[in-house]
Amino acid sequence: MSIADVVTRDVTRNYPLRLAILGCSGSVGRQALDVCRKHPDKLKVTALSVHSSTDFLVAAAREFDVAHVSVASEEHVDDPILQELPKGCELLHGKTSVSGLAFLDDVDCVVVCVVGMSGIWVSYQGIVNDKIVACANKESLVAGGDLLMPLVKRGNFVPIDSEHSAIFQCLVGEPLDSLRRIWLTCSGGPFFGMTRGQLERVTVEQALAHPNWTMGPKITVDCASLMNKGLEVLEAHQLFSTPLDDISVVIHRQSKIHSMVEFKDGSVKAQLGPSDMRIPIQYALSYPERWDAPTEPVDFLSEGPLTFAAPDLETFRCLGLAYEAGRIGGTMPCVLNASNEVANKAFRDGRISLAAIDEVVEHVMGEFSATPVESLAQLTEVDRRARALTWERLETMGR
């Protein structure tokens, strides 16, 4: 199933909507909490998870008086600050405890803000337990979309990524067979216009200085290499059952148009707005309603021209590798995602250049033969093998 099949206003939400915000200390998680602060009559936070940021977890748990919290890192389950959790708050720990929050009876909606492949387990548990899943974790759909999307029920899966939220909004009320093309907008990142040689010399600090968006380090580096846009192409392919060749990436430096949908009659719908993640987060929680804005609107009279350009696939080869992985299909997107996670971290740790990320990923992809996606256990093993091969490649490059 595609969520484009069920993008409709004929959906009922009961408020206050009880939320489990998983990965609440990250950029998207913090902004989700901002939305909850603005709409306390409509949103009730009942569960929170972090990997290791226990100070933030306790502060948020006390502010929102949550009933359940999870700490994924076993190294932090005995942090003294956890003694200050609200009275009666249930403390869970370990990696599996995060997805366990999706089982809770007092959770209506699982907000998936965790980064990386681990998000697939959370998304899966939310879907099979008939929760609304508001998903900011693109890796789970990139690696496991073949497995997850057939399980999605009407109105129970809403994307949070600004681009996919934009596409989702543009498709409300439209028949899926009228869709001709998705135009996926891309800021171009901090290195737009650079040559391959220049890309090899950029620093981590420069890569983390995104021109328009405030995000976590992994996603910000993915934006700098354009791998993030490649992952979003694969995500859109899964979410909207659209052939890869009908998903076009267009560089839009101003980040005011968050994506566009072209229909077979030549009409194009675009969703525009501020470069603020709280808007797509809020829409995922309010859908099909619209609530008061969580941020200042764009003043288009004071905006400069909106520009468009084609991506440079020779310099930013990660985008082309994502298309290649998608065309191969099966487990290859999982390989791409796993290898990129390791190579991205290696760049942030100063082990390789930004330009070397695509070289590493391409090598690892060449070591695999894709097979059809069958289970989470299979994807977990493919992910493990791809990470191991990536580390081997990195060790070879370091000699």
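In what order do the four strands of the open sheet stand? I read the order as 9-8-10-11, with mixed pairing. Strands here are DSSP runs of E with at least two residues, helices are runs of H or I with at least four, and both are numbered from the N terminus; two strands pair if DSSP finds at least two bridges between them.

I noted that this is a predicted model, where local features need pLDDT of at least 70, side-chain atom pairs count only at pLDDT 80 or more, and totals for chains, interfaces and linings use all residues. Residues are numbered from 1 along each chain as its sequence is written, and side-chain values use heavy atoms, leaving out hydrogens and water.

Back to the sheet.

I looked up strand 8 (residues 179-186) and found five bridges to strand 9, running parallel. In this pair, I182 stands opposite I247 of strand 9.

Next I checked strand 10 (residues 257-263) and strand 11 (residues 268-272), which are antiparallel and joined by five bridges. I saw E262 opposite V268 in strand 11. Four residues lie between these two strands in a hairpin, and G266 in the turn has a positive phi of about 95°.

Then I turned to the helices.

I found helix 4 (residues 119-128) and helix 5 (residues 138-148) packed at an angle of about 35°, their axes 9 Å apart. Axes are lines fitted to C-alpha atoms, for helices over the stretch in contact, and angles run from 0 to 180 degrees between N-to-C directions.
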